[in-house]
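Here are my notes for your next look at this model. Please read them with the structure open.

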Amino acid sequence: MRRGIDWKYVLQQAAEIVESYDTPVTLRQLFYRLVSIGLIPNTIPAYKGLSLRTAEARRAGTFPALMDRTRRIHRDLTFEDPGEARRWLSAVYRRDRTEGQPYSIYLGVEKAGIVEQLRDWFGDYGIPILALGGYASQTFCDEVVEDAMSRDRPAVLIYAGDFDPSGEDIERDFLERTNCFCEVVRVALTAEQVEEYDLPPQPGKTSDSRAAGFKAKYGRLVQVELDALPPDVLRSLYHQAVSRYFDMSVFEDVLNREEKEREALIGSA
């Protein structure tokens, strides 16, 4: 790690990282990508410094926009006339695209900031996404169980989370409290992936009650954020797992039926 932070250089590299994504990027994701390539330390002052300088650069028009998941303009959907409403309805109409699939697949992720990428990558398939955002509430767990049971087919969870004591325990806790998945595939992060993709580990928190068990299992206490993994790698890992359970021929049949129904809807308008 270099002494001091060359913020001019960091912002140049940060802009390239943001522009390399096909989806919006959060400040947190950007921060951990920069940490992973050794440009800034994994510290609160560095995070605040990145936040301040990217905001200044955006106001100056020299930095691409970042995604804010916590704030948005709330406004009811309106139309200029009934014709516009009918055109909107025909444009958004879609069937349950998982209809007829042999498995009910759920894409789980510890970080809510990665949901937009998952929606961009797999949204057309109609596969639901579960953003745990840390330890899930009992209300959310109950909702997942109810949804999985209503599908009347085996439920599969394809999951990604941090490589640290809490990251592993969050998955364990969610699985124990839902107990509705016949199969679980953790696509990231693993100890092997940390080495394979050269993701720099940060010191783990010794105050974490799960630290001793994690160290005994892996031989060291570290913390590696899922956000540090390049998006193309994460997409490939999820896609490989999804392809094991998703029947594309069934999916194509649903799309054909959907298109015919959309045409009928447009004709009736």
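1. A salt bridge here is a side-chain nitrogen of Lys or Arg within 4 Å of a carboxyl oxygen of Asp or Glu. By that rule, the structure holds 23 salt bridges. Keep in mind that this is a predicted model.

2. One of these salt bridges joins the side chains of Glu261 and Arg95, at 2.9 Å from N to O. Which parts does the pair tie together? Glu261 belongs to helix α11 (residues 248-268). Arg95 sits in the loop between α4 (82-92) and β1 (104-109). The pair therefore links parts that are 166 residues apart in sequence. As background, side chains of opposite charge can pair when their charged atoms come close.

3. Next, the sheet. It is open and has four strands, in the order β2-β1-β3-β4. The pairing is parallel. Which strands are at the edges? They are β2 (129-131) and β4 (183-188), and each pairs on one side only. From one strand to the next, the twist averages 25 degrees.

4. Look at the β3 and β4 pair within that sheet. Strand β3 (residues 155-160) runs parallel to β4, and five bridges join the two. Ala160 stands opposite Ala188 of β4.

5. The peptide bond from Ala188 to Leu189 is cis, with omega near -15 degrees. Leu189 is in the loop between β4 and α8 (191-196). For context, most peptide bonds are trans.

6. Asp152 is not a glycine, yet its phi is positive, at about 55 degrees. Asp152 lies in the loop between α6 (138-150) and β3. Most residues other than glycine have a negative phi.

7. Now the helix packing. Two packed helices are described by the angle between their axes and the distance between the axes. Helix α1 (residues 7-20) and helix α2 (residues 27-36) cross at roughly 120 degrees, and their axes come within 10 Å. This crossing is right-handed. On the α1 side, the contact is made by Val10, Ala14, Ile17 and Val18. On the α2 side, Leu30, Arg33 and Leu34 take part. By class, that is six nonpolar residues, no polar ones and one charged.

8. A second pair is helix α5 (residues 115-122) and helix α10 (residues 231-242). They pack at an angle of about 55 degrees, with axes 11 Å apart. Therefore α5 and α10 are oblique to each other. The crossing of α5 past α10 is right-handed. Which residues make the contact? From α5 come Leu118, Trp121 and Phe122. From α10 come Pro231, Leu234, Arg235, Tyr238, His239 and Val242. The contact of α5 with α10 counts seven nonpolar residues, one polar and one charged.

Notes: Residues are numbered from 1 along each chain as its sequence is written. This is a predicted model: local features need pLDDT of at least 70, side-chain atom pairs count only at pLDDT 80 or more; totals for chains, interfaces and linings use all residues. Side-chain values use heavy atoms; hydrogens and water are left out. Axes are lines fitted to C-alpha atoms, for helices over the stretch in contact, and angles run from 0 to 180 degrees between N-to-C directions. Angles under 35 degrees count as roughly parallel, over 145 as roughly antiparallel, 65 to 115 as roughly perpendicular and the rest as oblique. A crossing is left-handed if the near helix is turned anticlockwise from the far one by less than a right angle, and right-handed if clockwise. Contact means heavy atoms within 4.5 Å. Ala, Val, Leu, Ile, Met, Phe, Trp, Tyr, Cys and Pro count as nonpolar, Asp, Glu, Lys and Arg as charged, and the others, Gly among them, as polar. Two strands pair if DSSP finds at least two bridges between them.
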